[in-house]
Amino acid sequence: MLYLEQLLSPFITSQSNPGKDVLEEQKQLMQRIREQKLSVSEKGCVPDDASLVRPEIMESWMRCFEYGLDPFHYNFPAVMDPDEFQDRLKEKAFFLEAAEPYMCQFDKMLSDMGCYLFLSDERGIILRTANTLGENRFWLTPGAIWSEETIGTCSHGMSIWLKSPIQVCGPEHFSQIFKNISCSTAPVFDTCGNMEGTLSISSSYLHGQSSHSLGLVVTIASAIQKEFQLAEKKNLLSIALSATHDAVFVVSGAGEIVTVNTVARNLFRNDLEGLNISDIVGDQPLIKTVIDSGREILNADVIIARGQRRFHLKSVRPVANHSCPHSGCVLTLKEVTPVGGIPRNTSCSPTKYTFSRIVGSSSSTVESIELAKKFCRFDNNILLQGESGTGKEVYAQAIHNQSRPGGPFIAVNCAAIPATLIESELFGYEPGAFTGAGRKGKPGKIEMANGGTLFLDEIGDMPLELQAVLLRVLEDKLVMRVGGSRYIPVDFRLVAATNRDLAALMEGASFREDLYYRLSAFKVDIAPLRSRGGDIIELAEFFISSISQSRQVKRPTLCNSTKYFLLQHSWPGNVRQLQNAIAYAVCMCEEGSILPEHLPKELVDKCLTPTLLEHQPCEGAEGSEKEGDGNLSMKDIEKMMIKKALDSTNNHIRAAARVLGISKSTIYRKIKEYEIVI
């Protein structure tokens, strides 16, 4: 901010000197200022004696000289194209709305004083005028570009340049056409400190201004600034409230709805303000409890039914101000039923898996589970990446049951649906949208996943043109059916899975870069079975138990030599291949013990060890040197199995013992006996 003597024109300060011939002094002052300005306009340099002119004004004159302006020739300012000006007014809507009451309030008062108001933006474009006396003469009209570059030194151009209030009178203006004009201007700033525009009070004669004129324009501009910044903050609050996928209600202490977010309007109705919250959620005593006690309630276990729709009251938080500790609350609702009341048991995929039911204790499995659990705390999209058969859908179900257990789980295999049908399958269609479309239309999988989880398996096979549509749905949470004309709000979590390298597909222009980055931020890599060591035996034992129970047969045991075969195999088909191999072995086993020859032939043929002895004890025959049909003794097999188990468990003795099905003391004894180096 400049000092007061820098803000006021010397013509104003000279009026405060009593006992002098003010008019005569001002005439001399005007003449000397004109001479100094003429020196600048002719020579382009600051005169030797420039004490009468404020440095800020002199610097502005120098800039005007550099712009090529002539003080004796008035260049009428350019006027914006009407369409461009209308766009500018839309951009400045908050500013104009904040200024309008004050422009109207001071309009008549300033008119009686022979003054007029005008509002400009930060570039000097006139946005609004009031009582524009002499506007035809100076072309002071909305849309005119009044800046230092177009009309020379003027108060609002100086205010924009200095970011400060200022007063300019008579010959201080660069153009001689303003020699009898006086004007005071003050800037208006937004909440970030950026200039939004200026407000000016101008008089058509030199003595129409005083120090009070500058004070008045500063006061009005300050009031406009406060109103404008408040509107900005309200708009920011509205955007913040709409950033969540939950319905948010701000409620007064009396239960009246003060404001809501866009989600609430979409779920209920537009004109919610002024209603009592009980009209929406019914009589909920906990709302009054929160307002009276001032203690928030999170994860409230309250389900609200409205017709065929059900809502979960997630939280109620108190709001207090300086004068009233019980002034209201903010509550959030989430819809928990699928769109259209689709029966969950017929439209949703079953979700029997939780994180506790994922079999495996290898470091890679534990790491993947812990990472997925952390991701569940946020509502972001999740990408599961792993080879085919590693159990990606198991993780997807566990994520759903951890984060959105009350909603539907909709699974879609993008590779299994023909490209011609996948659009209608995902987004649904309206009646008659295409040949063969049902007469009643059909909701898409995205609609059906509302309130729950959408699992898109093999997303790398999704057609490129649909990826753009999916990206838009993920950004806006709005879906339009094929052949439809309205957007349907949806709230779902996307879990995508792929066995392909999406980064490579992106580089090959077969997968959208923007969709990849939206999905890959929360990525869980699921390791192939061959690198999960002890998980192979744990999964084999689990499958033996589940298959025996479902077939109602006695559970067979898994011999150590068979465990060795399982650990040695590379499992290109991962968990799915292992499950099928165990099912085959349980079927072929007849004497209560699964031997290597009970495994599928192609699996045994790929192993390096020849056919082993039959009926080996599950803990191994200690010290046995009996040879089998091949060239390895029991001792050789035991030694190799122990080494393999130790390698697969990173030399963890207890884990290796669990893999082999023997005790910890036994494996220590075997390590010592076979002189195995760890």
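Against which elements do the buried residues of α21 pack? In this predicted model, the buried residues of α21 pack against β11 (382-385), α19 (464-476), β18 (493-498), α20 (502-507) and β19 (523-525). Helix α21 itself spans residues 513-520, and its buried residues are Leu515, Tyr516, Leu519 and Ser520. Viewed down the axis of α21, these buried residues fall within an arc of 120°, so they line one face of the helix.

The nonpolar cores were examined next. The largest nonpolar core contains 40 residues, of which Leu566, Trp571, Leu578, Ile582, Ile642 and Ile667 touch the most other members. Two or more residues are given to this core by each of α22 (535-551), α23 (560-568), α24 (574-588), α25 (601-606), α26 (634-648), α27 (653-660) and α28 (664-673). Helix α22 provides the largest share, with seven residues. When neighbours within four places in sequence are left aside, Leu578 is in contact with Leu529, Ile536, Leu539, Ala540, Phe543, Leu566 and Trp571. A second, separate core comprises 33 residues, including Phe427, Met448, Ile459 and Leu519. Leu519 is also one of the buried residues of α21. In soluble globular proteins, nonpolar side chains tend to be buried together.

Aromatic side chains were then considered. In one of them, the rings of Tyr74 and Phe76 have centres 5.0 Å apart and planes at 80°, so the pair is edge-to-face. Tyr74 counts as buried because its relative accessibility is 12%, whereas Phe76, at 46% relative accessibility, counts as partly exposed. For Phe95 and Phe228, the ring centres are 5.9 Å apart and the planes stand at 70°, so this pair is likewise edge-to-face.

The charged end of Arg63 sits over the ring of Trp161, at 3.6 Å from its centre. Lys477 lies over the face of Phe492, and the distance to the ring centre is 4.2 Å.

Strands β6 (residues 247-252) and β7 (residues 257-260) run antiparallel and are joined by three bridges. Phe249 has Val260 in β7 as its bridge partner. Four residues lie between the strands of this hairpin, in which Gly255 takes a positive phi near 90°. Lys163 has a positive phi of about 55° although it is not a glycine. This lysine, Lys163, is found in the loop between α9 (155-162) and β3 (166-169), and at 51% relative accessibility Lys163 counts as exposed. Asn651, which is not a glycine either, has a positive phi of about 60°. The position of Asn651 is in the loop between α26 and α27, and its relative accessibility of 38% means that Asn651 counts as partly exposed.

Definitions and conventions. Residues are numbered from 1 along each chain as its sequence is written. Side-chain values use heavy atoms; hydrogens and water are left out. Buried means under 20% relative accessible area, exposed over 50%, partly exposed in between (1.4 Å probe, protein chains only). The arc is that of the directions from the helix axis to the C-beta atoms. Contact means heavy atoms within 4.5 Å. A nonpolar core is a set of buried Ala, Val, Leu, Ile, Met, Phe, Trp, Tyr and Cys residues joined through side-chain atoms within 4.5 Å. Rings of Phe, Tyr and Trp (its six-membered ring) pair if their centres lie within 6.5 Å; planes under 30 degrees apart count as stacked, over 60 as edge-to-face and the rest as tilted. A charge sits over a ring if NZ of Lys or CZ of Arg is within 6 Å of the ring centre and within 35 degrees of the ring normal. Two strands pair if DSSP finds at least two bridges between them.
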